[in-house]
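Hi there,

Here is the structure I promised to pass on. Please have a look at it first, and then read my notes below.

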Amino acid sequence: MVIKKIILEKLKAKFEGVSDSILDRIAEKLAKTVKNEEEATTAVEGVTLQQLFDSYGDSRATEAQRTAVSNYEKKYGLKDGAKVTSGGAPDSSEDETGNEGDKNSGSVQVMDGTDRKASDYRALQSIGRSFAESGSTVQITKAVHYKDELYKDVFGGLKGTKYERKCPDLIVDGRYYEYEGYTGQWSKRKLKNMLSHGLKQSDRIIINNNKGGNDRLIRKMIQARLHINADIKEIWLYEKGKLRLFYSE
């Protein structure tokens, strides 16, 4: 297809050093709606580095691709595909990056249409920033119907798993995380519910423990689930604006 070839060449020029296989997938998707070279130019200008990571998928995102993208950013003075301002933040309202002066800073991107007034949005922002400060690329997601084409783009890594059709709250370096909070007074039952509900969405969960239980109680509840062969890869605790890894398999 001629238009796909045009798009691919423009992507290669913009994202120098990025694998052809990644760019080809983006070009194929854009070619379905782009009709001419002018539209191709506009479409390519709208492609971000986060989309490249999402396109490449979950466990397949290798250090080689990250290095290529890092080199691209340094060469053109970008952060997640947007021009970096003198204050170190990208010129895009959808991106919230870490400190540009910190070589380990990552980035946080919010999906278009995310409900910023939702009760858990501020917590998700804070959690995203915590991961970004460690150099991670974070995406705050929204609920998407599994039949929507967007679902494949955002949650495609869940295909074939028991979490297919689910919409975890965060994607961190290609891995899916679910955040669980609570309202009212803390109780053991609420802690139990957060673990139960979270593990239905992902095997990596973050629970609100701001006014919560001690480590011994939480560890006991996790062990009880592991005893019945629950799939648990990571459990993080969100406590007074800070994040800590509590359990990892």
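Leaving aside its neighbours within four places in sequence, which residues is Ile 6 in contact with? With contact taken as heavy atoms within 4.5 Å, the partners of Ile 6 are Glu 37 and Ala 40. Ile 6 and Ala 40 are 34 residues apart in sequence, yet their C-alpha atoms are 7.3 Å apart in space.

Before going further, some ground rules. This is a predicted model, so local features need pLDDT of at least 70 and side-chain atom pairs count only at pLDDT 80 or more, while totals for chains, interfaces and linings use all residues. Residues are numbered from 1 along each chain as its sequence is written, and side-chain values use heavy atoms, with hydrogens and water left out.

**Overall picture**

Of the 249 residues, 45% are buried. Here buried means under 20% relative accessible area, exposed means over 50%, and partly exposed lies in between, using a 1.4 Å probe and protein chains only. Among contacts between residues at least 6 apart in sequence, 59% join residues at least 24 apart.

As for pLDDT, the predictor's confidence in each residue on a scale from 0 to 100, the mean for the protein is 81, and 76% of residues reach 70 or more. Two stretches deserve a mention. Over residues 58-64 the pLDDT stays under 50, and the model has eight contacts for them beyond four places in sequence. The pLDDT is also below 50 over residues 80-94, a stretch with 38 contacts in the model beyond near neighbours in sequence.

**Helix α1**

Ile 6 sits in helix α1 and is partly exposed, with a relative accessible area of 24%. The helix covers residues 2-14, and its 13 residues reach 19 Å from first C-alpha to last, close to the 18 Å expected at 1.5 Å a residue. That expected span is 1.5 Å times one less than the number of residues.

Which residues of α1 are buried? They are Ile 3, Ile 7, Leu 8, Leu 11 and Lys 14. These residues lie on the same side of α1 because they cover an arc of only 135° around the axis, the arc being that of the directions from the helix axis to the C-beta atoms. Val 2, Lys 5 and Ala 13 are exposed, on the face turned away from the buried side of α1.

**The nonpolar core**

A nonpolar core is a set of buried Ala, Val, Leu, Ile, Met, Phe, Trp, Tyr and Cys residues joined through side-chain atoms within 4.5 Å. The largest one here has 18 residues, and Ile 127, Phe 131, Leu 170 and Ile 206 have the most contacts inside it. Elements that each supply at least two residues of this core include β4 (107-110), α6 (121-133) and β5 (137-140). Helix α6 gives the most to this core, with six residues.

Apart from neighbours within four places in sequence, Ile 127 is in contact with Leu 170, Tyr 179, Ile 206, Tyr 238 and Leu 243. Ile 127 is also among the buried residues of α6, as are Tyr 121, Gln 125 and Phe 131. The end C-alpha atoms of α6 are 18 Å apart, which agrees with the 18 Å that its 13 residues should span at 1.5 Å a residue. Just after α6, Gly 135 takes a positive phi of about 100°.

**Strands and turns**

Strands count as paired if DSSP finds at least two bridges between them. β4 and β5 pair in the parallel sense over four bridges, and Val 108 stands opposite Val 138 in β5. From β5, Thr 137 and Gln 139 point one way and Val 138 and Ile 140 the other way, and all are buried.

β9 and β10 (residues 242-248) run antiparallel, joined by six bridges; Glu 234 has Ser 248 in β10 as its bridge partner. The two strands form a hairpin with two residues between them, and Lys 240 in the turn has a positive phi of about 50°. Lys 240 counts as exposed, at 72% relative accessibility.

Asn 229 is a residue other than glycine with a positive phi, near 65°. Asn 229 lies in the loop between α9 (215-227) and β9 and counts as exposed at 68% relative accessibility.

Best wishes
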